[in-house]
Amino acid sequence: RLQTDGRRVFPLYQHLFHARAPSIALVGVPHSVVPFPLFDVQARLIAAVLAGDAALPPELERMAWAQAADARAPRPQDVHYLGPAQWDYCRDLARLGGFYDAALEARLRAAQALYDDSSR
């Protein structure tokens with residue numbers, strides 16, 4: 001069962017997979033992000049996990065991650081806020097999925113440069 005209240009969805013591992021039922025994944029939950037690079041990395045990780053090419057940690061670790069994300073947020077609606085942390089988040093997901101490479105890094109750096117420039 002997923003719990004929602006406004007912008008918070010619980011329990012999600014990596015803002016993406018249901019922590020207890022990881023075959024359920026929700027693309028696009030994080031907010032204050034550049035959507036397409038993030039959606040691409042999330043979708044690629046989901047595909048890798050469902051195809052058996054990548055493995056998620058055990059349920060207890062996934063739940064601990066979700067609970068820690070909840071505890072770190074100053075307000076419930078901020079649990080899935082990424083902002084400038086989105087780039088490392090994308091890298092972490094790509095590493096988990098086994099598809100982090102120089103080409104992805106170049107695309108992330110280009111998107112980050114645009115994001116940083118627009119924030120000025």
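Modeller: Happy to! One term to start with: a residue counts as buried when its relative accessible area is under 20%, as exposed when that area is over 50%, and as partly exposed in between. Also keep in mind that this is a predicted model.

Biologist: Okay, so is Gln14 buried or exposed?

Modeller: Gln14 is buried, because its relative accessible area is 12% and the cut-off for buried is under 20%. You'll find Gln14 in the loop between E3 and strand E4 (17–18).

Biologist: What about phi of Gln14?

Modeller: Phi is positive there, about 60°, although Gln14 is not a glycine. Ser32 also isn't a glycine, and its phi is positive too, near 60°.

Biologist: Where does Ser32 lie?

Modeller: Ser32 is in the loop between E4 and H1. With a relative accessible area of 38%, Ser32 is partly exposed.

Biologist: New topic! Which residues does the cis peptide bond join?

Modeller: That bond links Phe10 to Pro11, and omega is about 0°. Pro11 itself sits in the loop between E2 and strand E3 (12–13).

Biologist: Which residues line the largest cavity?

Modeller: Phe10 again, for one, and the lining also includes Val9, Trp65, Asp70 and His80. Helix H2 (59–72) gives the largest share of that lining, 4 residues. Strand E2 (8–10) is also a supplier, with at least two residues.

Biologist: How many of the lining residues are nonpolar?

Modeller: There are 7 nonpolar residues in the lining, along with 1 polar and 1 charged.

Biologist: Now the core. Which residues touch the most other members of the largest nonpolar core?

Modeller: Those are Leu16, Phe17 and Leu45, in a core of 23 residues. Helix H1 (35–50), helix H3 (86–97) and helix H4 (102–118) each bring at least two residues to this core. The largest share, 6 residues, comes from H1.

Key: Residues are numbered from 1 along each chain as its sequence is written. This is a predicted model: local features need pLDDT of at least 70, side-chain atom pairs count only at pLDDT 80 or more; totals for chains, interfaces and linings use all residues. Side-chain values use heavy atoms; hydrogens and water are left out. On a 1 Å grid over the protein atoms alone, a cavity is a set of points where a 1.4 Å probe fits but cannot get out, and a pocket is an open set with protein on both sides within 12 Å along at least five of seven lines; lining residues have an atom within 4 Å of a point. Ala, Val, Leu, Ile, Met, Phe, Trp, Tyr, Cys and Pro count as nonpolar, Asp, Glu, Lys and Arg as charged, and the others, Gly among them, as polar. A nonpolar core is a set of buried Ala, Val, Leu, Ile, Met, Phe, Trp, Tyr and Cys residues joined through side-chain atoms within 4.5 Å. Buried means under 20% relative accessible area, exposed over 50%, partly exposed in between (1.4 Å probe, protein chains only).
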